Amino acid sequence: MNRTIYLDTSSSTPVDPLVYLEMHRYFQIEYGNAGSMHAKGLIAAHALNLSRSKVAKILNCHSDEIIFTGSGTESVNLAIKGVVNKLKNKGKHIISTTIEHHAVLDTLEFLEKQGFEVTYVPVEPNGIVNPEKIKNAIKKETILISVMYANNEIGTIQPIKEIAKIAKENNILFHTDACQAANSESLDVQDLNVDLLSINGSKIYGPKGVGCLYKKEGIRIEPLIHGGGQEFNLRSGTENIAAIVGFAKALEIAQKGKEDYKKKLTPLRDYFIENLLKIENTILNGDNEKRLPNNVNITFLNIEGEAVLLKLDSEGVCASSGSACTSKSLDPSHVILALGRPYEAAHGSIRFSLSKNTTKEEIDYVLQIIPKIVQELRNISPVNLKIEDIKNV
Amino acid sequence: MYDVKSKDGTEWFYSETVKKHFFEPKNLAKTKEESEKLTKEADGIGEEGSPACGDMMKMWIKVKDNKIIDCKWQTFGCASAIASTSMFSTMITENGGMEIEKALEIKPQDIANRLDGLPTRKFHCSVLADKALRAAINDYYKKTNQLDKIKNDRIKIVDKILKITDHDIEEAVLDGARTFEDLQKRTKIGIQDKTCIPEAEQLLRYYIEKYFVKQTISQ
């Protein structure tokens with residue numbers, strides 16, 4: 001059995017062949033430093049500028065509002081730390097949610113140690129934050145609101161536009177972590193009305209090690225990395241031209257194809273969910289409509305996620321789990337817990353994230369092996385919870 | 001949540017022996033029917049953990065001439081828990097069965113050695129089998145009226161202000177605490193109740209020795 005069915009694209013995507021094609025000349029042929037005063041340098045600078053305007057066009061903003069970084073995590077760090085360090089004299093309060101990615105949560109935790117105060121607004125049982133609750137959390141001292149566009153574990157899409165409006169009305173800056181949203185959602189920053197937006201390459205069939213931060217003109221931020229003054233003096237370090245070119249191309253392909261992506265994956269996702277839920281004592285985590293077209297997150301009660309992953313892996317299926325045993329902290333998924341589900345539901349949660357190339361035949365194969373794996377593990381489990389025991393939605 | 005590699009480079013990849021015991025566990029009570037039958041016939045039954053903690057273990061034993069001649073189990077646990085318990089149950093029942101006292105002396109490190117190693121951070125998962133066995137043996141002593149032999153893991157409060165117990169220290173060690181600073185970071189022990197520091201340090205050494213003394217640095 002040598003086939004691999006890769007259903008973990010929310011962790012990492014393969015690089016699209018067209019993206020790779022554009023990138024590869026910048027490794028060995030056009031290797032110049034974009035800051036150099038010679039022909040090779042000019043070519044690199046040109047590629048950098050082109051990529052920047054390409055990204056700016058997609059986001060509907062100006063080129064000088066795009067800062068290339070080394071990852072989504074770095075973009076998030078730059079946005080949040082950058083802003084609050086400039087505004088700390090105005091106030092020290094930040095608002096976010098309980099289901100953010102660790103890039104946001106750990107950054108906020110770090111800032112709390114520096115004397116900032118953070119309100120983590122809880123989400124509704126469907127995994128979506130109520131904008132009214134964000135509004136109610138606002139204080140005189142609030143300087144920044146940061147809410148993710150789409151959740152990385154349960155794929156729920158957050159009401160970013162409404163939250164941005166609330167932020168505007170209260171004269172507070174708004175950042176969104178859009179890393180998981182770029183394959184299917186609009187990134188038009190004018191329409192979304194956001195001040196800061198983070199994206200990265202590795203979730204959009206682009207290279208790893210590159211991301212960007214959109215920063216609205218006029219917003220002042222403090223750089224994290226000091227040095228040669230690249231990226232408008234906000235992110236020093238020689239620009240990774242190959243990665244930036246690849247990132248821009250990947251974003252272009254993703255955003256051009258987002259309607260096709262939705263049209264293809266939404267029915268496949270729903271078919272997958274519908275059939276997984278036929279296994280008894282199984283629950284879907286996150287809203288069933290306002291979710292990414294490629295996200296399926298299921299809890300199989302009474303069994304532990306890591307054991308499921310290992311059995312799936314032995315059948316060639318790649319997925320991921322919210323079980324404590326798959327995390328470095330030995331804590332189960334904070335996202336599943338934030339839905340109000342008990343710990344045991346988090347330990348048994350499995351995320352399948354479909355790829356743009358996933359076929360129905362592949363899903364059928366997974367549907368064929370899953371019931372057996374679940375049954376095997378349930379047979380040897382001394383726990384016997386029923387859906388009614390834990391359901392509070 | 002989804003990063004399967006720990007920060008210190010200890011990977012989640014398992015040895016071939018671990019995988020073998022995970023995919024074909026030994027001494028498993030394979031069905032609900034079998035577990036019901038075992039419950040009727042066992043000399044001792046032990047249960048430890050809870051699904052909320054991500055780990056739960058149930059164990060049935062049969063005892064003859066002070067030796068454990070049969071040990072069956074079920075778990076809500078990860079791959080490491082399944083493989084460790086499979087190996088543990090093999091170790092205590094092989095060669096005609098192990099004497100109760102000897103079985104209780106088996107350390108997680110001994111199980112890990114027989115499994116050709118476990119990632120350090122998964123040691124945690126092998127401890128429950130040991131505790132379930134302790135509970136099953138206590139149950140056997142109770143049923144056979146040997147009450148004087150019952151031993152319980154007494155919980156002792158070490159930090160009197162924050163109410164931190166020896167059990168909390170044990171957990172912290174299993175989670176990777178190796179120095180007093182590590183321990184304090186995880187448990188906040190000794191921050192307010194400074195009088196407990198010498199005892200906490202002593203317990204820290206005790207648990208490191210108990211679980212990791214034979215551990216090579218290569219992990």
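Reply: Lys262(A) counts as partly exposed, at 27% relative accessibility, in what is a predicted model. Its partner is Glu259(A): the two side chains form a salt bridge, with 3.8 Å from N to O. Both residues belong to helix α11 of chain A, which covers residues 258-276, and they sit 3 residues apart, about one turn of the helix. Glu259(A) is also partly exposed, at 45% relative accessibility.

As background, side chains of opposite charge can pair when their charged atoms come close. Over all chains, 29 salt bridges are counted.

Another of them joins the side chains of Lys54(A) and Glu252(A), at 4.0 Å from N to O. This pair connects distant parts of the chain, with Lys54(A) in helix α3 and Glu252(A) in helix α10 (residues 241-256) of chain A, 198 residues apart. How covered are the two ends? Lys54(A) is partly exposed, with a relative accessible area of 24%. Glu252(A) has 18% relative accessibility, so it counts as buried, the cut-off for buried being under 20%.

Leaving out residues up to four places away in sequence, Lys54(A) touches Glu22(A), Ala248(A), Lys249(A) and Glu252(A). The C-alpha atoms of Lys54(A) and Leu251(A) are separated by 8.9 Å, although the two residues are 197 apart along the chain.

Helix α3 of chain A, spanning residues 39-59, also holds Ser51(A). With a relative accessible area of 5%, Ser51(A) is buried. Setting aside residues up to four places away in sequence, Ser51(A) touches Phe68(A), Ile244(A), Val245(A) and Ala248(A).

Elsewhere in chain A, the side chains of Glu117(A) and Lys139(A) form a salt bridge with 2.5 Å from N to O. Here again distant parts of the chain are linked: Glu117(A) is in strand β4 (residues 117-121), while Lys139(A) is in the loop between α6 (131-137) and β5 (142-146), 22 residues apart. Glu117(A) is partly exposed, at 38% relative accessible area, and Lys139(A) is partly exposed as well, at 33%.

Finally, some charges to set beside these pairs: Lys113(A), Arg178(B), Lys185(B), Arg186(B) and Lys188(B) form a positive surface patch. One of them, Lys185(B), lies in helix α8 (residues 180-187) of chain B and is exposed, with a relative accessible area of 71%.

How values were computed. Residues numbered from 1 in each chain as written. Chains lettered and ligands numbered in written order. Predicted model: local features only at pLDDT ≥ 70, side-chain atom pairs only at ≥ 80, totals over all residues. Heavy atoms only, no water. Patch = residues over 30% accessible without salt bridge, like charges linked within 9 Å, V, L, I, M, F, W, Y side chains within 5 Å. Areas by Shrake-Rupley, 256 points an atom, 1.4 Å probe, with all protein chains shown as cover. Lys, Arg positive; Asp, Glu negative; His and termini not counted. Charge placed at Lys NZ, Arg CZ, Asp CG, Glu CD. Helix = DSSP H or I, 4+ residues; strand = E, 2+ residues; numbered from the N terminus. Buried < 20%, exposed > 50% of the residue type's maximum accessible area, 1.4 Å probe, protein only. Contact = heavy atoms within 4.5 Å.
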